[in-house]
Amino acid sequence: MPVFTRTTKNLIIKIDEFFDNIDLGLLVFREGIKAYLDKDMDAFHRHLQKVDNLETNADRLQREIENEMITHSILPQHRSEVSTLIDELDEIIDALKSSLNEINIEMPDIPSSLNKSFISLTETSINAAEELVPAARAYFKAPYTVREKLLKVYYFESETDKISFSTKKIIFQQMDELDLAHKAHLRYIIHHIENVSDLAQKAADLLSGMAIKIVM
Amino acid sequence: MILFFLTSGLFLGWSLGANDASHIFGSAVGSKMVTFRKAAIIASVFFILGAVIQGSGTSQTLSKLGAVNAIGGSFTLALAAAITIYMMTKFALPISTTQAIVGAIIGWNFFTGNRTDSNTLEKIVLAWIAGPVIGAALAILLYIIVKKFKKSTRIHLIRFESYIKTGLILVGAFGAYSLGANNIANVMGVFIPAFNLKNLDLWIFTLNSSQQLFLLGGLACATGILTYSWKVMQTIGSNILELSSEAALVVVLAQSLVLFIFSSTGLSNLIVKTGLPPIPMVPVSSSQVIVGCILGIGLYKGARNINFKVLGEIGIAWIICPVASGLLTFFLLFFMKNIFSINVGSKVSESIDASVQTTNLATYGQSDVSNIIKYLLFGLFIFGTIGIIYYILLENKKRREMQRSEEKFWKNMK
């Protein structure tokens, strides 16, 4: 019987570990962007490697969690939703890894005048995703509190949009010294960073519905 | 010939298994918390245990309603009830064996000119009404407790669900046991006066005549559960109201408690000691109780969640079932008596106790039946042992293959 096996305990540990991976990934990504803006390439590569490891570990955990839920028939009614949620969270860490990789390959030339905007954009976008993780944890322990936690995700996502908009406006309307290709490249990098908060919002929408269902 | 007469009872037992027994695990299977295979095996085993160990209690109530005093009558009655249940089950409607057998006994009373004991009938009908009402009240109460527990303890969802799953299995086993104890009289009760089998020594324990009949009935029920209960489980579990896992546990627990309340003489005596009237020992309709429980939770959550169409169909089936069973019994008795010249029973003299009249009915073929039961049990033991070993080996093989495939996957990934 499930109570007498270690499956439940193991699964809880794995889910927690998965959330820890996402949390850490977000932290490292923020530091990675800062390191890039500070032109500290050693630190940037170190952070890139760390995100890469965390992403691989998250993939492994995701697979194990889904396998265990299916083989031991755990959470039959919420299984597909929990799997989708984990998948959405995994997409966030995938996006972090691919963004840092893109930056590593393309080495965008970010003017120092834009450093503050880029840091602000990264902070806000990462904040949105960071607020999602406690909400996702709360789904398992206190689903009543999920929706109030998600409010912050929506707030930071909207703030990210605003910062992204204003930064792009500065690039395209005030920085005449940059050529169009350079401007387009910076916009592309902004999209990458902004994408993290968009993914967080997508996961928040799902989580919000899941929380209502479980509370009712 | 005696075995032929038993077939209708076995058919009725099969119907009971396919229909009533599926109510125990219906909500658990419907909510996907317990697999059908696991539910069917647990329900079968515990139903048989309940029937054999504690099955004789409620048979007295039915014999008070009408003491069938000929084996031909018992056969016809059980056949009519079984056909009624089979037809209802065909339409996936959760009806009750109690209703069918009560209808059949009243049909027999009409045919043979016997008086139907209105007090007993009143008790039974009252239990039909009280069962679902108590079930609904208990379900609401338990549901509130479970919800409050979940909220206050902030237990992890996965751990909570694992408790629920274990609870469903344990409560389901208890429910199946109670159902066997409570409802086996519906299947085999009408045959008890006609059989006087010699005691069956099975080394560890001995089965008396009634217990052997209950065992046969239990085995027939188990066959019904394993072969035909899937459809009814789906109706109970999914169609009336979409059940959450905790609601599924509450429904099974409330139902088991109601069955227990109406079967436990100990509880009844305890209530009498407190100065309250005793609880009638009546075979309760498990289908009515479970619908009451589900309805209770539906009402607590808001009536909009309830599928009233399915509920209406079940309500109609409740009325149709005893009436159809009674009419069918009446016509079948007519054919049995006039075309096949089989003695289907006679009017019981008011001055003579029914049990005295039935003692001379059957003393034929007993050892054959006992031997068949013995060989049947032996065969089942061997079949069960092989089945368990095969299952364990199969599960181990699956686990090994899964592990191998995982290892291969991660090796290739690296």
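Select chain B to begin: this chain holds 16 helices and two strands, where helices (H or I, at least four residues) and strands (E, at least two) are DSSP runs numbered from the N terminus. The model is a predicted one, in which local features need pLDDT of at least 70, side-chain atom pairs count only at pLDDT 80 or more, and totals for chains, interfaces and linings use all residues. Residues are numbered from 1 along each chain as its sequence is written, while chains are lettered from A and ligands numbered from 1 in the order in which they are written.

Colour chain B by pLDDT, the predictor's confidence in each residue from 0 to 100; the mean is 79, and 87% of the residues of chain B reach 70 or more. Residues 351-362 of chain B have a pLDDT below 50, and beyond near neighbours in sequence this stretch has 22 contacts in the model, a contact being a pair of residues whose C-beta atoms, placed from the backbone, lie within 7 Å.

Of the 414 residues in chain B, 52% are buried, that is, 20 or more other C-beta atoms, placed from the backbone, lie within 10 Å of their own.

Next, select residues 36-54 of chain B, helix α3, whose 19 residues reach 26 Å from first C-alpha to last, close to the 27 Å expected at 1.5 Å a residue; the expected span is 1.5 Å times one less than the number of residues. Buried residues of α3(B) include Phe46(B), Phe47(B) and Ile48(B), and the buried residues of this helix pack against α2 (22-30), α8, β2 (206-207) and α9 (209-228) of chain B.

Move on to helix α11 of chain B (residues 245-261), where 16 of the 17 residues are buried.

Now turn to chain A and select helices α3 (residues 79-106) and α6 (residues 180-215), whose axes come within 10 Å and cross at roughly 175°; axes are lines fitted to C-alpha atoms, for helices over the stretch in contact, with angles from 0 to 180 degrees between N-to-C directions. These two helices, α3(A) and α6(A), are therefore roughly antiparallel, a term for angles over 145 degrees. Among the residues that meet there are Leu85(A) and Ile92(A) from α3(A), and Val196(A) and Leu199(A) from α6(A).

Finally, show both chains together: their contact takes 19 residues from chain B and 16 residues from chain A. On the side of chain B that touches chain A, helix α8 (residues 157-188) of chain B gives the most, with nine residues. For the complex, the predictor gives an ipTM of 0.80 and a pTM of 0.75.

Definitions and conventions
Two residues are in contact if their C-beta atoms, placed from the backbone, lie within 7 Å. A residue is buried if 20 or more other C-beta atoms lie within 10 Å of its own, exposed if 12 or fewer, and partly exposed in between; C-beta atoms are placed from the backbone. Angles under 35 degrees count as roughly parallel, over 145 as roughly antiparallel, 65 to 115 as roughly perpendicular and the rest as oblique.
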